[in-house]
Amino acid sequence: MTTHNFETLSRVVIAHSAAATWARAVEEWQVVSMIQDPTESGVCVCGKTGLIYLYTIRNTRTATDLFPIGSSCVELFEVEELDVSVNVLRRLLELRIAFEAGKQIELTSKHFSRAMLADLYENGAFPPNDYNRSNGYNDYKFLLDMFNQHHDFTSNENKKVWVLINRTIRTFVLDDPRLG
């Protein structure tokens, strides 16, 4: 397995950016999707081999996509928003794998994070319905409040958490196009 080549990475990123410098170019990109390659045959745009998690980043100014790019190269951008996106997509993929394996999913830090719940909300995982007073934000806020609690859920809270995880979130995560 070869390591990343920063010079190659910066050349490719700048070539596909509106900006002419690395410092400005990195601000134009966002993480839009990822796939897992269990054969570890992915090759990053920088030349690093043996990638398992292959991300697609999109330039917001030129609409150009770069694929595949590894998480360690995305970290070299030193843009917090990109790092959060990489972590959230990885956790969403792990959640999808757990759902597909039939594992019990609970509202704990093993499966969720605050950033992940926010991402789910921002990407439409909580559709308006009669149970959330036609506002998906209410489901997101409920789960966030429950996630932040330091005591056991009441019976009714537990039922609502279960429904939101196993009906709403499960459906969204299994169909999320960002996860390839």
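## The second largest pocket

The second largest pocket of this predicted model is lined by Q104, I105, E106, L107, T108, F153, N158, V161, W162 and I165. Here a pocket is an open set of points on a 1 Å grid over the protein atoms alone, where a 1.4 Å probe fits, with protein on both sides within 12 Å along at least five of seven lines; lining residues have an atom within 4 Å of a point. Its volume is about 180 Å³, taken as the space filled by probe spheres set on the points, which are joined across faces, edges and corners.

By class, six nonpolar, three polar and one charged residues form this lining. Ala, Val, Leu, Ile, Met, Phe, Trp, Tyr, Cys and Pro count as nonpolar, Asp, Glu, Lys and Arg as charged, and the others, Gly among them, as polar.

Residue numbers start from 1 along each chain as its sequence is written, and side-chain values use heavy atoms, without hydrogens and water. Local features need pLDDT of at least 70 and side-chain atom pairs count only at pLDDT 80 or more, while totals for chains, interfaces and linings use all residues.

## The largest pocket

The largest pocket holds about 320 Å³ of space. Of its 15 lining residues, S85, D119, E122, N123 and R178 lie nearest the centre. The lining comprises eight nonpolar, three polar and four charged residues.

At least two lining residues come from each of β1 (29–36), α4 and α5 (114–122); helices (H or I, at least four residues) and strands (E, at least two) are DSSP runs, numbered from the N terminus. Helix α4 provides the largest share, six residues.

## The nonpolar core

The largest nonpolar core has 54 residues, of which I69, F77, F112, L120 and I169 touch the most other members. Such a core is a set of buried Ala, Val, Leu, Ile, Met, Phe, Trp, Tyr and Cys residues joined through side-chain atoms within 4.5 Å. Helix α4 (residues 80–100) gives the most to this core, with nine residues.

Apart from neighbours within four places in sequence, I169 is in contact (heavy atoms within 4.5 Å) with L95, F99, F112, L120, F126, L143 and L164.

Helix α6 (residues 136–148) has 13 residues and reaches 19 Å from its first C-alpha to its last, close to the 18 Å expected at 1.5 Å a residue, that is, 1.5 Å times one less than the number of residues. Its buried residues (under 20% relative accessible area, 1.4 Å probe, protein chains only) include D139, Y140, L143 and F147. The buried residues of α6 pack against α5 and α7.

D176, in the segment after α7 (155–175), is buried, with a relative accessible area of 3%. Not counting residues up to four places away in sequence, D176 touches L92 and R96.

Technical notes
Buried means under 20% relative accessible area, exposed over 50%, partly exposed in between (1.4 Å probe, protein chains only).
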